[in-house]
Amino acid sequence: MTRFEPKIVVFLCNWCSYAGADLAGTSRIQYAPNARAIRLMCSGRVEPYFILEALHKGADGVLVLGCHPGECHYLEGNYRTVGRMALLKKVLSQFGIEKERVRLDWVSASEGARFATIVNEMTETIRTLGPFEEKDA
Amino acid sequence: MPNTDHDSETLVQTEGKVGAVMVLGAGVSGIQAALDVAYSGFRVYLVDKGPAIGGKMSQLDKTFPTNDCSMCILSPKFIECSTNPNISIITSAKIDGIEGEAGDFTVTLLQRPRYVDEEKCTGCGTCAEYCPVNILDTYNEALAKLKCIHIPFPQAVPAISVIDPTQCLFALRKICQICVPTCKNKAIDFHQRERKLDIHVGSIIVAPGYEPFDPQRQSQYGYRRLRNVVTSLEFERILSASGPYQGELVRPSDGKPPQKIAWIQCVGSRDTTVDNTYCSAVCCMYATKQVILSKEHDPNLEAVILHNDIRAYGKGFERYYERAKKMPGVRYIWSKASIVKERPDSRNVVLRYRINGTEVKEEEFDLVVLSVGLNSNEGNRELAEKLSIKTNDHGFCESPKFSPIETSRRGIFSCGVFHAPMDIPDSVTMASGAASLASQLLCEQRGTLVEEKVYPEERDVRGEPPRVGVFVCDCGTNVARVVGVPKVVEHARGLNGVVHAVEETFACSVDAIAHMVETIKEKSLNRVVVAACTPRTHEPVFQDVLRKAALNPYLLEFANIREHCSLVHMGEKKEATEKAKDLVRMSVTKALLLEPLYRVSYNVTRAALIIGGGIAGMVSSLVLARQGIKVYLIEKAKELGGLARKISKTLEGEDIQDFLNDLIREVNENPLIQVHTETEVVNFSGYVGNFSSKVKIGKEGIIKDIEHGVTIVATGAEESKPKEYLYGEDARVMTLLDLDEVIEKDVDRFKDCNTMVFIQCVGSRNEEHPYCSRVCCSHSIKNALKLKEIKPEVDIYILYRDMRTYGFREDYYKKAADQGVIFIRYDVDDKPDIQTVEESGKSLLRVTVTEPILGQRLMIDADMICLAAATVPPAKNRSLSQMLKVPLNEDDFFLEAHMKLRPVDFATDGIFMCGTAHSPKFIDESVAQAQAAASKAFTLLIRTAIEGEASVAEVNELFCSGCRVCELTCPYGAISLEADRGVAVVNKALCKGCGTCVGACPSGAILGKYFSTEQILAEITAALAA
């Protein structure tokens, strides 16, 4: 039997987490090829709807990675993200969706290894959970 | 850069003054100076002795006191420099000679060969993979290795390989040359020779930085002998996520995580035995930072800091130090330490130190960090000699009084640690100040040598069906080795809207770019997707391609198939190819929805409002007025001068009143400066380039309207009135400023004074003011020395917590001690006590304090007592901050946009700060900051128009319910509700395009350009469509 390969959508902010992912690259840190990154200027741009839509369109998990708290290039965008994600997770659990399918975390521009670790962890987590299947409402 | 065909050449020749500036040294201060000079309308040559820009800051892990990642905040400035058409970066070069004078220098540089053609190398790094020679990685402080041909570090600019000829097999023995054929672009060139460059510039900014002290000079530290003794800079690399151990906190001997680390402070600082008597000004704080970061790595770690005075004198430092001190397992011990031995089995290090004055203790540590000082090295001395500028006894740059940025030679300025040991914000401040002085000198040559790129007129593509061109770069083998590039190209061809897809070898090479411009025109492409490396470095390169091909630059979309794909999935070719296809499909899908975007431009009112007429406000007024800017300088008091009116001399003996009077005279005489005293701002509105203020002038309260493009806050600070130690009850108890006045006007009062006691930290570093007032230690020393001069037999005691005479002020501390001033350290929990006592008919002030070495109470009968009272912000800061909508910090000083790299800017564009409004500081520091604030203001004011971001937010008024969520969300105050219509309006001059409001709008009424909901959803769909 072939191993389940989860599809993961990752939202990256331009200034910290995208740069961290770049550093993983220039440092040749190897990680699971399951993630597809979408670049935004700030994690504060991420709407809960994007995450629901990603799951709806076939993603098995969604990662939102921003600057560490206090380091946001736009001062406080990532704090907004924290609030939204907390709310979204509540909604997800009410719909019976495992909260592990959505993860918010922080990666700085110097944390290439951390980016790789997070993608690997997420891939493993989702692999354990299995494919995401939308239940009938 | 010109080609390497010639060994000597001359760049730029003009008559008279030259509108170009050379910056020597490309650390953070050199980089900042270069950017500011370029933005002021001059051509810049940014020169570094090393192969890449970045200096020491690029090696740091995090920065104090915010723990910001150093590279995160620095690397965007690398890109800003490298993409600025008016900054030429010249690496591996040193100065050979200089001729001419201020306004017209000819500088001769010697550039070492890189053995790699800068024009041809794309930085792909393939050569390094084949190079058989491993050398020590100096970026990682020799804790790791890299190849003899290499890119200096991952984020290096220029991102070009360099060969170390001292270790290259071909350079040494004419064998090898393996790298040559691996380069598909034929960039490796062993024929390169050292070349001479003659460059004409009007001014020079010297910023060569420092060398960390080499602890091998002192055998007691066992450095290099003991594997687990490292310098603080080595420890930075150990902590760094991009360091030799990938951010694992482990020790060098066995790669195991240390459980117990000791920091030894003042290694090579405040030490007469190595001739470094000065304080290096940053080590206390960087060690504190390293303690905090180490504790983040391992919360159970034990940390011991063996220190002399802890010099947490800067903004936010004291709180940071207190935070570290309170962490479990952290011990700050006041003691000098020596290394006893290394345990042969564990290679642990045993330290010996003294506690409580007499008791000697030995303790074993897994790792010892030497907090090494900042030295000016031989190279700096040589540089100063070549430039004929004077250095001080310590080898740092000498400057005239009250003008720290000037040097002894006209037209040459200095900034950063070359001036004196200092931290990053002070370096950045000086850098901006240096830029403003260079800009003033060359005022009339502004704009003469800068180039603006001229592009063909943009083709209007609206209404055309999308014609997408996809350019897939194989990056030599970097992408192609892992990703099946032909398959990706094939996939792209089949995608909706794609009319052209092609593989490129090095899409960023000069040839490929020219070809791409032609292809875009030939095939009438109206959207371009580049599948290559990261847009963070290369988006500007390809946006430029689009503009050359008459397309709007925002019709470009990137797919990162290198950093995010081929380099990280090397063993999984099939998966990597699939991922690359997905990434290209995502970008093409988004590209179909791209629209041309334009920056909105605004007119600028060429005038400045400067609030506060102290030294800082006056200096910034003059900097602007001398360059033709209209200045409104308002002061709340009757006269200009501020707090400095009360101080006669500096610690170094310079006359403040002379300086102040000259300044006031020049301000009053300058026809462009309109001074209003007894004046306050009563209303403030507008945005960068277009502010409107109302000020209330004089007792009559005349209201005047002022239109101005920038605002500088220079409202100063005050000396607090102590509430303790009999202040205000007994006339013999006075503050430092009171004492200044007595020294100046009433020396007779010292006739009966035989004993004088200074008490430090009165009102500072306590619960009410949990910050250090920075200046009082030096101020007390100054007055103590003055008293000794007036009356040598007087007994002087200084009761202190930590003497914070940082930098060269340390020499005066030593001088005071040498002259018999007695320093007694007291603990905050056991403060000195003062009683009035009558003895033999004489009234005495009896001071009782615990002597820390003996542990006994000591009684001093004083005739006069001087309290080092805290420097406090004016109460009016609060109302001003609300009016200007700019923040204060928790101590009510104004809060800058970024503590490290934007020390004089507010987050709101067009508003700046300087002087003690920012935090307590010395006069020379205020002057530098005032020059920096003026420099920042000036770079805005000289623009004919201010351009906003292109990818801004836009409100669809039909959907807007006027709920104001966006208004509250925006950190820049760029959105406001238009009251009469009940809809939100974005001020495009203030919007930074973060998109936070777009995500927050419950009605979906805000469009985030370039990152619209539609575009993001299209990307999501495409990502999952395989």
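Reply: In this predicted model, the buried residues of α16(B) are Ile615(B), Ala616(B), Gly617(B), Met618(B), Val619(B), Ser620(B), Ser621(B), Leu622(B), Val623(B), Leu624(B) and Ala625(B). That is 11 of the 11 residues of the helix, which spans residues 615-625 of chain B, so α16(B) is largely enclosed by the rest of the structure. The cut-off behind the word buried is a relative accessible area under 20%. An α-helix has 3.6 residues a turn, so residues three or four places apart point the same way. In α16(B) the buried set includes Ile615(B), Met618(B), Val619(B) and Leu622(B), and also Ser620(B) and Ser621(B).

At least two lining residues each come from β2 (35-40) of chain A and from α13 (535-548), β29 (556-560) and α15 (573-592) of chain B. With five residues, β29(B) gives the most to this lining. By class, the lining of the largest cavity has 10 nonpolar, five charged and three polar residues.

Then the cysteines. Over all chains, the structure holds one disulfide. It joins Cys16(A) and Cys67(A), whose sulfur atoms are 2.5 Å apart. The link of Cys16(A) and Cys67(A) is right-handed, with 95 degrees about the S-S bond. Cys16(A) lies in the loop between β1 (8-13) and α1 (17-26) of chain A, and Cys67(A) in the loop between β3 (61-66) and α3 (77-94) of chain A, so the pair ties together parts that are 51 residues apart in sequence. Cys16(A) is buried, with a relative accessible area of 4%, and Cys67(A) is buried with a relative accessible area of 4%.

Cys148(B) is in no disulfide, as the nearest cysteine sulfur, that of Cys168(B), is 4.9 Å away, and a disulfide needs a pair of cysteine sulfur atoms within 2.5 Å. At 2% relative accessibility, Cys148(B) counts as buried. Cys777(B) is in no disulfide either; the nearest cysteine sulfur belongs to Cys761(B) and is 6.0 Å away. Cys777(B) counts as buried too, at 7% relative accessibility.

Definitions and conventions
Residues numbered from 1 in each chain as written. Chains lettered and ligands numbered in written order. Predicted model: local features only at pLDDT ≥ 70, side-chain atom pairs only at ≥ 80, totals over all residues. Heavy atoms only, no water. Buried < 20%, exposed > 50% of the residue type's maximum accessible area, 1.4 Å probe, protein only. Helix = DSSP H or I, 4+ residues; strand = E, 2+ residues; numbered from the N terminus. Nonpolar A, V, L, I, M, F, W, Y, C, P; charged D, E, K, R; others polar.
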